[in-house]
Amino acid sequence: MNPSISNRLQNVKHIIIVLSGKGGVGKSSISVQLAWSLYSSSPTARVAILDVDLTGPSIPRMMGVDGHAVHQSTDGWVPVFVDREKSRLGCMSVGFLLKRKEDSVVWRGPKKNAMIRQFLSDVRWGELDYLVIDTPPGTSDEHLSLLEHLAPVHERLSSVLVTTPQVVALTDMAKCLSFTRTVNLPVLGLIENMSGYVCPCCGEISNIFSTGGGEEMCKRDNLTFLGALPIDTQLVELLDASAEQATSDTSQPDKPIDSVSLYQRYHATTSSKIMQDITQKIIQALQPSSLTSNHEI
Amino acid sequence: MTGATVPENAPDHCPGVESEQAGKADACNGCANQEICASDKPKGPDPALPLIRERMRHVKRKILVLSGKGGVGKSTFTAQLGWAFAADENFQTGIMDVDICGPSIPTILGIANEQVHSSASGWSPVYVQDNLGVMSVGFMLPSAKDAVMWRGPKKNGLIAQFLKDVDWGELDWLVVDTPPGTSDEHLSVVQYLKESGIDGAVLVTTPQEVALQDVRREIDFCRKVGVRIIGLVENMAGFVCPNCKNTSEIFRPTTGGAARLAKECGIELLGSVPLDPRIGKSADYGVSFLDEYPDSPATTAFLDIIDRIQEILDKEGPSS
């Protein structure tokens, strides 16, 4: 395979691919939350997030690093560091490579494939405890390319599945699960997102996209249920929040939006508590002993 | 137009995919498609094109439903559009689902377990009712659990087949539901339908900036490939609590929502549809939300938008 990919990733301990069949179920928001939670799980944890949703990158906005540029060093591309000088939380996305944020990336498969290869082989990932990879919806070029290029480090790969509770999303999830089995990708578990919404006014819980579907599916398909996240308007706003700053900052695109305070504000949300539990379960599942026993899934 | 055969994403000085130099010129070094161009495959227009043109001669209106982001309600909107058009029995409507890796149209229309039948005149669409035919990859899978792990060219092949081999018959409307993004499926649909003419695209979004950002890319895509934009639909705008009847904003429009985007980009905001949990329920059960809950504010919003789309298209007469 590609020797430079295995070289680049040789000091990456775990590669977690976030997958969902359907779009808009919260892959990117879960990826960001997972990265933040892993980052805070230990004072020395080194985390990076790679966004391979090439035609709709949203990670930069959510992490508050929209408008940043990727720097080229003699040793390859340098990821954008969300925590700046600490350099423990890196981020890479096609969003950083676009001239204007409204530019569309209209690429067919082969070009996407080449971009993904570059992300894996030309980025200076360095030493990482966790590399979280956010994917586009479906089971197509991006996913196949990713798995193909990551084949040399297959033993360090695992995946987290994200779904919403309604039937339409679960049907796509079933397809996604078949995909992981076909490509022999270990599944750490499933997260049910947008599970219920608490009315900010009267506290009534509405199951906008139904509820419990993910947990049921886990029982049926013998998967670990990692947890359910309700719709959290605070979080939606937070992930969107850099918007105001971003638009007023367009004159100075290099001026960092406050990605650090964004991360701190995240820890005040209810979602972050639930996500911490989920993250603990994920870390647990990644322990060497449990991973081998889980390997047959 | 110079370099009509030079792809949008080609490197500088691309000789054009149909040229003798394709894949061999200096500029081709490093292009991801170099091998494809350099191979001895016959060049020239796709042989499917004349067949598609013939089929599409019988289709009066072709509309694409697009969105940059996933899960904003493209398929749900497509289904409502189909149902609303089909409510008029003088209209024949077709829905084509080109979301090949995640087809949800069959579930939403309540025909998830149907199969496609082929006849002498081609594949027969699955009919929800007499005047509403549907084609989706979902009808072709042995089991709903099967993943379609296809790369671009295979998806394109199926899309071409949907357009040339499906016996759509005489249609007043053909509504095309697409997957999120701007990639193979979108390029193929646009290319295959270019000659027969696409009446326009309806863009669906939700109010938060993360979704709007993707819509901007979709607008850019439409302009690049020359598809006119009929307008923008804002979905999941505001949620009415069934208990206290107060409206709260789940996906808060932190940057002014679709209204501001529409104004900025000079496109029409066709309307905003509030979030009603019964929409998702109806989709799961495969029933028409418009028929089941005619009193919902969301139904009114949907119908107003659909009327507006008809009005816009009627104003300019037939496309072809």
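**Figure 1. Burial of B:C241 in the predicted model.** In this predicted model, B:C241 counts as buried because its relative accessibility is 0%. Its place is the loop of chain B that runs between β10 (239-240) and β11 (247-248). With neighbours within four places in sequence left aside, the contacts of B:C241 are A:C199, A:C202, A:E204 and B:N246. The UniProt record, an unreviewed entry, puts the feature "binding site" at B:C241 and B:C244.

Figure 2. B:C244 is found in the loop between β10 and β11 of chain B. The relative accessibility of B:C244 is 24%, so this cysteine counts as partly exposed; the buried class requires a value under 20%. Apart from residues up to four places away in sequence, B:C244 touches A:C199, A:C201 and A:C202. A:C199 and A:C202 are also among the residues in contact with B:C241.

**Figure 3. The annotated loop of chain A around A:V25.** According to the unreviewed UniProt entry, the feature "binding site" covers A:G21, A:K22, A:G23, A:G24, A:V25, A:G26, A:K27 and A:S28. A:V25 sits in the loop between β1 (12-19) and α2 (27-40) of chain A. With a relative accessible area of 1%, A:V25 is buried. Beyond the residues up to four places away in sequence, A:V25 touches A:S20, A:V162, A:T163, A:T164, A:A169, A:N193 and A:M194.

**Figure 4. A:G26 in the loop between β1 and α2.** A:G26 is found in the loop between β1 and α2 of chain A, and the UniProt record lists A:G26 among the positions of its "binding site" feature. The relative accessibility of A:G26 is 14%, and A:G26 therefore counts as buried. Setting aside neighbours within four places in sequence, A:G26 is in contact with A:V162, A:N193 and A:M194.

Figure 5. A:S210 belongs to the loop between β11 (205-206) and α7 (213-221) of chain A. Its relative accessible area is 18%, so A:S210 is buried, the limit for that class being under 20%. When neighbours within four places in sequence are left out, A:S210 is in contact with A:P165, A:Q166, A:G196 and B:K281.

**Figure 6. Exposed B:G226 in a loop of chain B.** B:G226 is found between α7 (209-225) and β9 (229-234) of chain B, in the loop that joins them. At 57% relative accessibility, B:G226 counts as exposed, a class that begins over 50%. B:G226 and B:K194 are separated by 32 residues in sequence, and their C-alpha atoms are 9.1 Å apart in space.

Figure 7. Chain A contains 11 helices and 12 strands. Its radius of gyration is 18 Å, close to the 19 Å given by the globule rule for 297 residues, so chain A is as compact as a globular protein of that length. Along the principal axes, the C-alpha atoms of chain A fill a box of roughly 50 × 45 × 40 Å. Of its 297 residues, 62% count as buried. Chain A exposes about 10,800 Å², with carbon and sulfur atoms supplying 50% of that area. Its side chains include 26 positive and 31 negative ones, and the centres of the two sets lie 3 Å apart.

Notes: Residues are numbered from 1 along each chain as its sequence is written. Chains are lettered from A and ligands numbered from 1 in the order in which they are written. This is a predicted model: local features need pLDDT of at least 70, side-chain atom pairs count only at pLDDT 80 or more; totals for chains, interfaces and linings use all residues. Side-chain values use heavy atoms; hydrogens and water are left out. Helices (H or I, at least four residues) and strands (E, at least two) are DSSP runs, numbered from the N terminus. The radius of gyration is taken over C-alpha atoms; the globule rule is 2.2 Å times the number of residues to the power 0.38. Buried means under 20% relative accessible area, exposed over 50%, partly exposed in between (1.4 Å probe, protein chains only). Accessible areas come from the Shrake-Rupley method with a 1.4 Å probe; for residues, only the protein chains shown count as cover. Lys and Arg count as positive and Asp and Glu as negative; His and the chain ends are not counted. The place of a charge is taken as NZ of Lys, CZ of Arg, CG of Asp or CD of Glu. UniProt positions are given in the numbering used here, feature names are shortened, and annotations may be inferred rather than shown by experiment. Contact means heavy atoms within 4.5 Å.
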